[in-house]
Amino acid sequence: MPYLIDSHSHLDFEEFDQDCELVIRRAFDSGVKMIINIGAGLESSKKSIALAEKYENIYATVSLHPIDVDKEEFNEVSFLELARHPKVVAIGETGLDYYHSSDKDKQKLVFKKLVALGAQVKKPIIIHSREADEDILSMLKEMELPKSRGVIHCFGRGYEMAKKFLDLGFLISYTGNITYNSERQSSIKNVPLEKIMVETDCPFLAPAPFRGQRNEPSYVKFVAEKIAAIKSLNFEEVAEQTSRNCVKLFNLPAV
């Protein structure tokens, strides 16, 4: 079976309350070797860690999502404690989201604190950017970053913007929306395969065969297949290289 990693999932969300174990088993049976479950708030981060403790090949991240900074105060002490957990491999997703209405100044403050947390615990950061690329780039250039930098998740802009993040040392991750949105595909041909990861962002952004339905980690293969088609590569090469990129970034055990 091909070697695949879903580098960004939200299995702790309520959409998976009824069948999470079946979804995880389906992913592993389909060739997904590891799943990175992403924290989106304090309780979400705790649930993410609990999943990682239960399953050997699931790893966690911790963060407060930018769209939720108005709903939850960022607790630095609690997040530092969680960030030190041995199965926490990154800080995120964090960043800026100007599409939603949460306070921009508060988003920036929390973003700074989470990047600083990543640098403190020496773990990479997973960045969410929605209509905020230039502000994020400006902030990243001014902050102390983790040595391993991190990844820009759910990327969908052109190569010119991708290159700005690549030049700062970040990887680029693509989701299921590249299977049906040509604009979201526009940077793929030029971003080196050694700088690409694949993800589902489940339960959101299901790929074309399941568009409009709940997404899940087993569908990450459709993202890899689309990248292979765009770059005129075979699927196995894309699956294996994107997985190696993920293993290296998150300091995961080889499988």
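Pro203 lies in the loop between strand 8 (196-198) and helix 7 (220-231). The model is a predicted one, and in it the peptide bond that joins Cys202 and Pro203 is cis, with omega about 15 degrees. Another cis peptide bond runs from Gly92 to Glu93, with omega near 15 degrees; Glu93 belongs to strand 4.

**Positive phi values**

Two residues other than glycine have a positive phi. For Arg149 the angle is near 60 degrees, and for Cys154 it is about 55 degrees. Arg149 sits in the loop between helix 5 and strand 6 (150-152), whereas Cys154 is found in the loop between strand 6 and helix 6. The table sets out these residues with their accessibility.

| Residue | Phi | Relative accessibility | Class |
|---|---|---|---|
| Arg149 | near 60 degrees | 27% | partly exposed |
| Cys154 | about 55 degrees | 14% | buried |

Because buried means under 20% relative accessible area and exposed over 50%, Cys154 at 14% counts as buried and Arg149 at 27% as partly exposed.

Is Thr175 buried or exposed? Its relative accessibility is 0%, so Thr175 counts as buried. The side chains of Thr175 and Asn177 are joined by a polar contact of 2.9 Å. With neighbours within four places in sequence left aside, Thr175 is in contact with Cys154, Glu199, Thr200, Asp201, Leu205 and Val223.

Arg184, by comparison, has a relative accessible area of 26% and is therefore partly exposed. Which backbone oxygen does the side chain of Arg184 reach? The side chain of Arg184 comes to 3.3 Å from the backbone oxygen of Cys154. Not counting residues up to four places away in sequence, Arg184 touches Cys154, Phe155, Gly156, Arg157, Tyr174, Asn177 and Ile178. The C-alpha atoms of Arg184 and Tyr174 are 8.5 Å apart, with the two residues 10 apart in sequence.

**Parallel strands**

Strand 1 (residues 4-9) and strand 2 pair in the parallel sense over 4 bridges, and Leu4 has Val32 in strand 2 as its bridge partner. With helix 1 (residues 20-29), strand 1 and strand 2 form a right-handed β-α-β unit. Strand 2 also pairs with strand 3 (residues 58-62), in the parallel sense and over 3 bridges; here Ile35 stands opposite Ile58. Strand 2 (residues 32-37) is mostly covered, with 5 of its 6 residues buried.

Helix 5 (residues 133-142) has Asp133, Ile136, Leu137, Met139 and Leu140 as its buried residues. Seen down the axis of helix 5, these buried residues fall within an arc of 165 degrees, so they line one face of the helix. Lys141 and Glu142 are exposed residues on the face of helix 5 turned away from its buried side. The cover over the buried residues of helix 5 includes strand 4 (88-97), helix 4 (104-121), strand 5 (125-130) and helix 6 (159-167).

Which residues have the most contacts inside the largest nonpolar core? They are Leu11, Leu140, Phe165 and Tyr174, in a core of 70 residues. With residues up to four places away in sequence not counted, Phe165 touches Asp133, Ile136, Leu137, Leu140, Ile152, Phe155, Phe170 and Ile172. In soluble globular proteins, nonpolar side chains tend to be buried together.

Terms used
Residues are numbered from 1 along each chain as its sequence is written. This is a predicted model: local features need pLDDT of at least 70, side-chain atom pairs count only at pLDDT 80 or more; totals for chains, interfaces and linings use all residues. Side-chain values use heavy atoms; hydrogens and water are left out. Buried means under 20% relative accessible area, exposed over 50%, partly exposed in between (1.4 Å probe, protein chains only). Two strands pair if DSSP finds at least two bridges between them. A crossover is right-handed if, with the strands pointing away from the viewer, the path from the first strand over the helix to the second runs clockwise. The arc is that of the directions from the helix axis to the C-beta atoms. Contact means heavy atoms within 4.5 Å. A polar contact is a pair of N or O atoms within 3.5 Å; within protein, one must be able to donate a hydrogen and the other to accept it, and residues adjacent in sequence count only if both atoms are side-chain atoms. A nonpolar core is a set of buried Ala, Val, Leu, Ile, Met, Phe, Trp, Tyr and Cys residues joined through side-chain atoms within 4.5 Å.
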